[in-house]
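Colleague: Please put the model up, and then we can go through a few points about it.

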Amino acid sequence: MSTDTTASVSTHILDTSIGRPAGAVTVSLAARSGGDAQYVTLGGSATDADGRCKDLPALPEGTTHVRLVFDTESYFTAKKQAEAQQDAPRVRDSGAFFPEVAIAFAVTPGEHYHVPLLLNPFGYSVYRGS
């Protein structure tokens with residue numbers, strides 16, 4: 001939740017290769033105050049069955065930039081193992097070309113930033129949602 005002096009961030013992930021939310025993806029959140037400052041990891045979360053992170057850490061006052069890092073390799077490895085246990089034939093390679101997705105963006109106090117990740121094994125897209 002944002003305040004007059006802080007911004008807030010939320011995210012969710014949709015696996016576009018299957019048209020479903022991507023659950024159990026680890027997401028870490030880091031922040032910095034100023035373009036020359038180092039990012040400080042504030043903590044993380046994991047997506048739920050609906051692909052949403054509902055408990056990302058709050059941003060400290062003075063945050064100007066945020067970085068979300070999504071552990072996509074673990075997600076696709078688990079997905080590949082689950083597919084191998086099914087009787088259905090494999091119709092595509094479900095490896096991860098991108099082992100992680102790191103998204104950095106600028107924030108303004110008082111604003112909420114929802115940053116959805118549209119993910120597939122060989123590409124991704126992000127945008128500022130609502």
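Modeller: Buried means under 20% relative accessible area, exposed over 50%, and partly exposed in between, with a 1.4 Å probe and protein chains only. This is a predicted model, in which local features need pLDDT of at least 70, side-chain atom pairs count only at pLDDT 80 or more, and totals for chains, interfaces and linings use all residues. Residues are numbered from 1 along each chain as its sequence is written, and side-chain values use heavy atoms, with hydrogens and water left out.

Colleague: Is His114 buried or exposed?

Modeller: His114 belongs to strand E8, residues 112–114; strands are DSSP runs of at least two residues, numbered from the N terminus. Its relative accessibility is 9%. His114 therefore counts as buried.

Colleague: Which side chain does a polar contact of 2.6 Å join to that of His114?

Modeller: A polar contact is a pair of N or O atoms within 3.5 Å; within protein, one must be able to donate a hydrogen and the other to accept it, and residues adjacent in sequence count only if both atoms are side-chain atoms. At 2.8 Å, the side chain of His114 is joined to that of His12. At 2.6 Å, the partner is Ser10.

Colleague: Where is Leu56, and is it buried or exposed?

Modeller: Leu56 sits in the loop between strand E5 (52–53) and strand E6 (65–70). The C-alpha atoms of Leu56 and Ala46 are 8.8 Å apart. With 14% relative accessibility, Leu56 counts as buried.

Note on methods: Helices (H or I, at least four residues) and strands (E, at least two) are DSSP runs, numbered from the N terminus.
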